[in-house]
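Dear colleague,

I am handing over the structure below, and I would be glad if you could look through it alongside the notes that follow.

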Amino acid sequence: MTKRPSGKNPFELGTYIDKFPLPIRWLYEDFTSGLLNFKGKCSVIRFWNFYAFAFLFVCLLLWIAKEFVDTDFIQSIILVLGWLWIAIPAVSIGVRRLHDIGRKGVVATVPPVATLVILALLCADDDYDFSLYAVLGLFIIGALAFMSMTPEFAARYFPSRHIPPKDDSQK
C-alpha cells in the first residue's frame, strides 16, 4: 500500500482557487462557503459579476431545455433546479449588497422570486402575455438598480429610518 503524498489534493477545485482570476474566485466563494452568508457587505462589482453569471446560466438552461428536452415536465424540472441553484446565492449576495448601502435585505428577494414567476410562465403556456413579462422585468430591473446604488447616493436620495444621518456640524 502506497502512502498518499502530503500537500494539496490535485482533484479538488478549492486547492487551486487562488490561481483563478478574482471574479471566478468570488463566484466560487458565493456558491460554496458564502451560500448562506447573509452577514457582511458586498461590492457593486461583485454583485454585478454574480448577476451576469446568473443571467448567462439561466439563458443557457433555457436553451438546453428547449433544444434538447422534448417533455415539458422535464424542462420544468431542469429550469426549477437551475433556478434554485442560482436563487439561494442571489438572495445572500443581494442581502450583503443591501447591507453595504445601509439597507435591510428584504428587497433582495424580488429578483429571484420574479425570475421564478417568469420561468413558470414560460413553462406553463405557449401564449405569451408581453405586459405581464414587462411588469415582472421592471420589478427585477428596479430591484437590481436599487441594490446597485452607492452608499452615498442611497443615503442622500433614499434616507433610511434605521441609520442615523451623519452630522457634519460637529467638526
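To begin with the open space, the largest pocket holds about 480 Å³; a pocket here is, on a 1 Å grid over the protein atoms alone, an open set of points where a 1.4 Å probe fits, with protein on both sides within 12 Å along at least five of seven lines, and lining residues have an atom within 4 Å of a point. The volume is the space filled by probe spheres set on the points, which are joined across faces, edges and corners. There are 21 lining residues, and Phe 55, Val 58, Thr 115, Ile 118 and Ile 140 are the closest to the centre of this pocket.

Before going further, please note that this is a predicted model, in which local features need pLDDT of at least 70 and side-chain atom pairs count only at pLDDT 80 or more, whereas totals for chains, interfaces and linings use all residues. Residues are numbered from 1 along each chain as its sequence is written, and side-chain values use heavy atoms, with hydrogens and water left out.

Helices α2, α3, α4 (110-124) and α5 (130-147) each contribute at least two residues to the lining of the largest pocket, and α2 gives the largest share, with seven residues. The lining comprises 19 nonpolar, two polar and no charged residues, where Ala, Val, Leu, Ile, Met, Phe, Trp, Tyr, Cys and Pro count as nonpolar, Asp, Glu, Lys and Arg as charged, and the others, Gly among them, as polar.

As for the fold, the protein has six helices and zero strands, these being DSSP runs numbered from the N terminus (helices H or I, at least four residues; strands E, at least two). Of its 171 residues, 32% are buried, meaning under 20% relative accessible area with a 1.4 Å probe and protein chains only, while exposed means over 50% and partly exposed lies in between.

Trp 48, in helix α2 (residues 44-68), is partly exposed, with a relative accessible area of 37%; leaving aside neighbours within four places in sequence, Trp 48 is in contact (heavy atoms within 4.5 Å) with Leu 144 and Ser 148. Asp 100 belongs to helix α3 (residues 72-100), and, residues up to four places away in sequence not being counted, Asp 100 touches Lys 41, Cys 42, Ser 43 and Pro 151.

With best wishes
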